[in-house]
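Hi everyone, thanks for coming.

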Amino acid sequence: MLGRVADRDSDLTAPESGPTAEELLTRVGTGDRDAFGELYDQTSARVFGLVRRLVVDPAQAEEVTQDVYLEIWQVAPRFDATRGSALAWMFTLAHRRSVDRIRASQAARDRDLRIGVRDLDVPVDTVAEAVEIRVEHERVVDALGGLSDLQRECVSLAYYGGLTQSEIADRLEVPLGTVKTRLRDGMIRLRTALGVTT
């Protein structure tokens with residue numbers, strides 16, 4: 001990924017005789033592609049090293065480094081040599097991009113973890129659940145035993161038979177108001193017997 005961009009002939013020139021990073025970056029700001037290649041050759045290893053130390057993952061470090069050089073190409077006109085060196089300016093961009101990548105990766109991991117936890121099947125103790133249902137059923141049967149026969153008949157038809165109050169009244173041949181009273185009184189007694197307070 002970090003291959004050289006400039007011509008091979010430029011490799012023969014001594015680094016001291018070539019343009020400085022500030023000069024190259026200034027030329028990059030004017031759209032000089034050759035200057036961008038030279039700047040890349042001069043600085044990419046150091047920028048990649050910084051990104052690699054922060055991001056750790058080599059593949060992501062390469063992506064971030066590419067993003068950094070793309071950003072350098074786009075915002076090079078903003079570089080001001082009086083405010084600092086070109087390398088410091090580029091390192092600032094690289095650091096910012098690396099931190100953004102780390103935050104995005106962490107957010108993705110957190111999101112995946114939340115989804116994973118949500119989708120995780122929680123083991124259910126079916127034996128305990130069956131015992132609990134049986135105990136509750138016995139409590140309800142005992143509580144129903146405490147109702148009058150008329151109340152128990154209305155409650156059973158409503159909750160076990162699924163009949164409406166009007167249907168119960170028709171079936172028992174009693175007024176609707178009587179069914180309502182029997183159901184209300186029966187439910188009050190059931191709530192008391194089962195210890196329901198709300």
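Let's start with Asp 67, which at 28% relative accessibility counts as partly exposed. For these labels, buried means under 20% relative accessible area, exposed means over 50%, and partly exposed is in between, with a 1.4 Å probe and protein chains only.

Before I go on, a word on what you're looking at. This is a predicted model, so local features need pLDDT of at least 70 and side-chain atom pairs count only at pLDDT 80 or more, while totals for chains, interfaces and linings use all residues. Residues are numbered from 1 along each chain as its sequence is written, and side-chain values use heavy atoms, with hydrogens and water left out.

Back to Asp 67. What does its side chain meet? The answer is Arg 101, in a salt bridge of 3.6 Å, N to O. By salt bridge I mean a side-chain nitrogen of Lys or Arg within 4 Å of a carboxyl oxygen of Asp or Glu. Arg 101 sits in helix H4 and Asp 67 in helix H3, so this pair ties together parts that are 34 residues apart in sequence.

Arg 101 has another partner: its side chain also meets Glu 63 in a salt bridge, at 3.0 Å, N to O. Here helix H4 (residues 86-119) holds Arg 101 and helix H3 holds Glu 63, so the pair links parts 38 residues apart in sequence. And is Arg 101 buried or exposed? Buried, with a relative accessible area of 19%. Glu 63 is partly exposed, at 41%.

Now over to another pair, where Asp 185 and Arg 184 meet through their side chains in a salt bridge of 3.2 Å, N to O. Asp 185 is partly exposed at 26%, and Arg 184 is also in the partly exposed class, at 48%. As for Glu 63, Asp 67 and Arg 101, salt bridges that share partners join them into one network. A search of the whole structure finds eight salt bridges.

OK, let's zoom out. How many helices and strands does the protein have? Eight helices and zero strands, where helices (H or I, at least four residues) and strands (E, at least two) are DSSP runs numbered from the N terminus. The radius of gyration is 39 Å, well over the 16 Å that the globule rule gives for 198 residues, so the protein is more spread out than a compact globule. That radius is taken over C-alpha atoms, and the rule is 2.2 Å times the number of residues to the power 0.38. Along the principal axes, the C-alpha atoms fill a box of roughly 110 × 35 × 25 Å.

Of the 198 residues, 27% count as buried. Then contacts, meaning heavy atoms within 4.5 Å: among those between residues at least 6 apart in sequence, 58% join residues at least 24 apart.

Last stop, two loops. Val 56 is in the loop between helix H2 (33-55) and helix H3 (58-75). Its phi is near 75°, a positive value in a residue other than glycine, and Val 56 counts as exposed at 52% relative accessibility. Glu 173 lies in the loop between helix H7 (165-172) and helix H8 (176-194). Phi of Glu 173 is positive too, near 55°, and Glu 173 is exposed, with a relative accessible area of 71%.
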